[in-house]
Amino acid sequence: MADTVFEASPDTMIDYDSSQQGDLRTEEMLINMGPQHPSTHGVLRVVLRTDGEMVLEAIPHIGYLHRCAEKIGEAVQPYQYVPYTDRMDYLAGMNNNQAFSLAIERLCGIEVPPRGETIRVAFAELNRIASHLVSLGTYGLDMGAFTPFLYCFREREMILDLFEAACGARLTYSYITPGGVHDDLPASWVERCLEFLDYFETKISDYNNLLSFNHIFVKRTSRVGVISIDDAIGYGLTGPCLRGSGIRWDLRKTAPYDGYENYDFDIPIAKPGGTDEIPEGVIVGDCWSRYWVRVLEMTESVKIIRQALGRLPNGDFIAPKMKNIKLPEDEVYVEVENPRGQLGFLVAGDKSAIPSRVKARGPSFCNLCITEKACKNVMLADVPAIIGSIDVVMGEVDR
Amino acid sequence: MRILLWKLWMGYRIFGPIIELLMAMFRPFAVAMYRMGGPIVAQMAGMILISAVVAVCVGVWAHAMLFGFVDESILATAASAGVELTGAFSYVSPATWGLTPSQIAVQLQQVGGVAANMSGVAQYLLWPVQFGIVRDLVGLGALMGLFNIIPVYTIWWERKVAGRIQSRLGPMRVGGWHGWSQSPADGIKLLLKEDLIPDGADAPLFRLAPYFNIIPSALAFVALPFGATYVFRELDVALIFILGVLGVEVLGVMLAGWASNNKWSVYGAMREACQMVSYEIPLGMALLLPVVTTGTLNLTKIVDAQSGGWFHWLVFSSPFAFIGFIAFFVASLASCKRAPFDLPEAESELVAGFLTEYSGIRWSFFFFAEYAAMFVVCGLAAILFLGGWHSPLPASWGAALGDAWYARGVKGLLFSGPVWFVAKCVFLLYVQIWIRWTLPRIRIDQVLYACVQVLLPLTMLMLLGTTVWVWASTSECETWAMVTAITRYVLGGIGLMFAFAFPAIAAYGFYHRRAMVGNLVQDAMPGS
């Protein structure tokens, strides 16, 4: 075959029709990432259309963990539904309880006693730290760094010990209920918590030295999966993903609940590389920015917990007579700032004790939508990096 | 051919169930042995471990002494006395014949002492030792023992070090003392596991692939010297042999990836191929530095050129060798698929890469090969750059000890012996493990960039520099001699600083661990 033409150009690389003999061409491959895959954080299934190491398209498929969580809410009383909210975002049970409890309180016009409110804030922020620790650790794992994962879980374990002391559970707490919290703090809990906060503040710099500012880690995550401000707003991203694109939006500041307006804290947002201690090469909206926002938020949460524990008032921790309350014929929609973004609950009542409609707006579900856009034309190794930086919990995506 | 295959098949049909039955009988036997023997072994764990190490060392030493005795006191004296060799056919040189037992007895009488008194028995015991094939079998046994022991205990050690790095304990239960028999227990488990071959896999290739991995890494030990005389075959091209043999491993990985009929495995294989073409050239370039400096490919001779203590090690001979050593170490990480270059089996991206579909004994073959290859490249680094089996003390200090057998033992421990080679390998292995549990993984394009655009020009430059340096050193110029001496002592001083700083920092960390890690961790973690 003397007249065979050998040529390789970007056009022929992915062109199936140009099957002339001798043409150098590669073929696309469809590959299933998940639902059982080490770095899809649960049962997310992403179908990748790849050309060698390049991922041309990544389409997330969901629904492997659907448990009718919303429908159950229309069959049980609100205080009975609280444990189900734990199982949505199972890494941030406290925050989920808080969101649903706030919705019920606003629907029924219940006043939470000041002690209950303060305890709620402290626990929600502790759980924010615990959730961000898991996010940080598994993100390191996605990048192939095993050790930060165990450090993060070591500290998370201590938070879980604190939770266990207060409510007896380590994962699904059901501690925050409509009207306040269902138990008072045990003796010397505040001192234990303060001891932990002292210890934990020193550990954040450890994570930074080991992972955040690691040259390889920065090279792997900066300029990868960049989400522009328009995309972030257009896709309805919330939480660290939104702030990682440089938008200062946090419900704890913009629409405070549970008395967050009385606390002094900052909303960390992403900044371009070179400012502050952010390494060169980082741009606003990339994976490293989203990761970094979580690290900074942990410091802010520590600040909030200190203030809450410092001003812990005496008195009731739960409003009286919270069982068998009749829900008025009305509907409310309440959003709170979950570790992953805005978790909203729509609750409608019909003068009975059981809600006629419960609907949740999950931050992970909304944040996951950006995957398809962010994973276009990236390397295969970038896909775990992007999905990990969005930090989804499949329990809450599928509900 | 078809008849042969038919016979094989019929043989399998007849003997297959018997083999299966034997296997089935072996399983409860193994479990019962473990249940009964486990507690006893756990009680005596430390003693067993120490006595096993001592027995291995004494065994190797005794064999070396025996071979030396036969060579020097019997064969050489017999040859000089003009004894006709009529005993048997010699393996090493077909033209010669060995001594008969009675001729050996005559020689033993001449040696005198215990040897003469025991010559009645010893003549028959020593008779086989004079033949190369017997010695090779003994050496092969030692080699296979090493090849089994080294990966098993490297894995155990990796798990212990990783545990400590991650504020865990690592294996603590199996065998008693620090889980010392965790890896053998894992090995038995893997042996007894089902050998799965996935549907649609290319079964012959799938079965074949692990051997392409494990045989080359075993072959590398053939030419790897542990000491001046402790080498199975002293090859003049040992360096090229080891490099070439380790290169074959890539074939096994690619076969495994392709034959598995799994897309993730194919990714692993392609990444390995991609990585191989990028690290192999800088690795080869870095290996050329000692060759250029010493002018030989014979590993024993390269080590001989580095005798004379710490400052005479090749890594300190010139700034180019110093940087070349670091480049070699980085490239060797890539060649062993170790983090941060563990892309072919990147578990968070490719599930397990080329290993995804493997299980049981075949999976453990890949692991054995990987850890053995780690030891081999660490051994190469020690031999080529870090003085091989020479200790940091100059051997001339031991001249006063004389040449008695105990003096030779002391010299072996203090100045040059296999123990130093193993110690250096273990330290380099530790560094590899340390790096693995600290750094994230890099991306495939970054591997290519690092190897082709950074390491390759760097090693080429170092090779050029070394060549010029060696060429300049051939001149008789006294100023240049002074320059080389100063370089040697400056670089050696930097090395000494590292050598002292490392244990010092470790000791500081150990004594201040409560302040560094935090009270909460210290109180919560057992044993730390």
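Start with the domain contact in chain A: 18 residues of domain 1 of chain A are in contact with 18 residues of domain 2 of chain A (contact: C-beta atoms, placed from the backbone, within 7 Å). To colour them, select 10-61 for domain 1 and 69-398 for domain 2, bounds that come from an automatic or database domain assignment. Their centres, taken over C-alpha atoms, sit 34 Å apart.

A word on the ground rules: this is a predicted model, where local features need pLDDT of at least 70, side-chain atom pairs count only at pLDDT 80 or more, and totals for chains, interfaces and linings use all residues. Residues are numbered from 1 along each chain as its sequence is written, while chains are lettered from A and ligands numbered from 1 in the order in which they are written.

Next, pick the sheet β6-β7-β8 of chain A, an open one of 3 strands with antiparallel pairing. Strands here are DSSP E runs of at least two residues, helices H or I runs of at least four, numbered from the N terminus; two strands pair if DSSP finds at least two bridges between them. At the edges are β6 (331-338) and β8 (357-361) of chain A, each pairing on one side only. Zoom in on β7 (341-348) of chain A, which pairs with β8(A) over 5 bridges. There, A:A348 stands opposite A:R357.

Finally, show chain B. Its contact with chain A takes 26 residues from chain B and 29 residues from chain A. On the chain B side, α13 (347-350), α17 (444-473) and α20 (519-524) each supply at least two residues.

Key: Contact = placed C-beta atoms within 7 Å.
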